[in-house]
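Welcome to this short tour. Open your viewer, keep the selection tool at hand, and follow along stop by stop.

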Amino acid sequence: MDAIEKLLNSVLPEKKELIALLECDDGEVWEKLFGAARAVCEKHYGNKVFARGLIEFTSYCKNDCFYCGLRRSNSKAQRYRLSFGEILERCESGYALGFRTFVLQGGEDGYFDDESICRIVREIKRRCWGCAVTLSLGERPTDSFKAFFDAGADRYLLRHETVSARHYALLHPPEMSYAARIDCLYALKAIGFQTGCGFMVGTPFQTTEMLADELAFLTQFKPHMAGIGPFLPHRDTPFKDFGGGSVQTTLKMLALSRLLCPEILLPATTALGTAAAGGRERGILAGANVVMPNLSPASCREKYSIYDNKLNMGAESSEGLAELAARMKKIGRVLATCRGDSLVKN
Ligand code: 5AD
């Protein structure tokens, strides 16, 4: 079997085959693979694209990742925290719009201790009956994750950022460790969360070999979801002078992830939508099936600046839900606000 045939059978090709394929720029080959990825996605999830209401509830972060605009050393970053009442209000208005998944995303902010997160989760679950709550607040001790799960949180997103420990050390300060990150991911899964990992495409020092390793990692870790988006520079970070990740390479990685992990949930990320006009649609046409419109208060959106020019209005926002639905319809998809659980078994 050649590499393409293996992919069409959800078999992981050899590393050298994957590298050669990722480096191949034959448009016909990729149209075929994108089409196959779409077909696999449709087989499992139909024509639905799941919408998640994203609430960026704190822009404070104790970490100092070299790529991210919210890093603690960025004194120009505007910091805010939503109150308990504001978070609930955002969820309830999202619920009225039809959203049945809320993603609480924030920097690693110690202000929100375990009990305050549990209280928020319990109250969302009480007021928004039948919804799923996804947390994305970085690394915490296993007992904290357990407490969140017991409070009713259903899912947890924690991108591993890169599969290579050596590369991880080039993207993060020494106090952060790849091993700690991966340990969190395994802990989350063991607790019973629908777990999302993920990585950026085109970060400084990333090689094609690393991208091949990312695919192997997905087949081995078997996440319920994976966030895959291009790196985009932020002007107030150490990586400001690096170029952004390639849209085409991101699309290739989405398609190969879909083929190798047929039941995975894959968002067409905001970063992909920011990197190219119609980027989100192109992501979906390459195998993605989730979008995450912003439910944060309009006054905060500019402040949650992880990279330059981040989209937050129009189809990216909850007000633009009708526009987003129209855009999905144009590419033959239906925007679905149901829970949209992952079909991957724990
Ligand atoms: N470009 C693209 N994605 C970024 N993230 C953080 N900074 C950037 C950037 N400059 C991603 C990371 C993080 C997620 C919340 O956003 O993968 O996990």
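Is Phe242 buried, partly exposed or exposed? Select Phe242 and show the surface: Phe242 is partly exposed, because its relative accessible area is 33%. Keep in mind that this is a predicted model.

**Stop 1**

Phe242 sits in the loop between strand 7 (225-230) and helix 10 (247-260). Phe205 belongs to the loop between strand 6 (194-201) and helix 9 (208-221). Phe205 counts as partly exposed, since its relative accessibility is 44%. Look at its backbone too: Phe205 has a positive phi of about 75 degrees, although it is not a glycine.

**Stop 2: another positive phi**

Next, select Asn309, in the loop between helix 13 (298-301) and helix 14 (321-330). Here phi is positive as well, near 60 degrees, and Asn309 is not a glycine either. With 66% relative accessibility, Asn309 counts as exposed.

**Stop 3: the ligand**

You will find Tyr67, Cys68, Arg159, Glu161, Met200, Pro230, Phe231, Leu232, Ile306 and Tyr307. Sorted by type, this shell has eight nonpolar residues, no polar ones and two charged ones.

- Arg159: a polar side-chain atom lies 2.9 Å from an oxygen atom of the ligand.
- Glu161: an N or O atom of the side chain is 2.5 Å from an oxygen atom of the ligand.
- Leu232: a backbone N or O atom lies 2.6 Å from a nitrogen atom of the ligand.

On its own, the ligand has 400 Å² of accessible area, and the protein covers 87% of that.

**Stop 4: salt bridges**

How many salt bridges does a search of the whole structure find? The search finds 28. Start with Lys15 and Asp213, whose closest N and O atoms are 2.9 Å apart. Lys15 lies in helix 2 (residues 15-23) and Asp213 in helix 9, so this pair ties together parts that are 198 residues apart in sequence.

Move on to Arg327 and Glu281, which meet in a salt bridge of 3.2 Å, N to O. Arg327 is in helix 14 and Glu281 in helix 12 (residues 279-285), so they link parts 46 residues apart in sequence. Arg327 counts as partly exposed at 28% relative accessibility, whereas Glu281 counts as buried at 13%.

Definitions and conventions: Residues numbered from 1 in each chain as written. Predicted model: local features only at pLDDT ≥ 70, side-chain atom pairs only at ≥ 80, totals over all residues. Heavy atoms only, no water. Near = heavy atom within 4 Å. Polar contact = N/O pair within 3.5 Å; in protein donor to acceptor, adjacent residues only side chain to side chain. Areas by Shrake-Rupley, 256 points an atom, 1.4 Å probe, with all protein chains shown as cover. Nonpolar A, V, L, I, M, F, W, Y, C, P; charged D, E, K, R; others polar. Helix = DSSP H or I, 4+ residues; strand = E, 2+ residues; numbered from the N terminus. Buried < 20%, exposed > 50% of the residue type's maximum accessible area, 1.4 Å probe, protein only. Salt bridge = Lys/Arg side-chain N within 4 Å of Asp/Glu carboxyl O.
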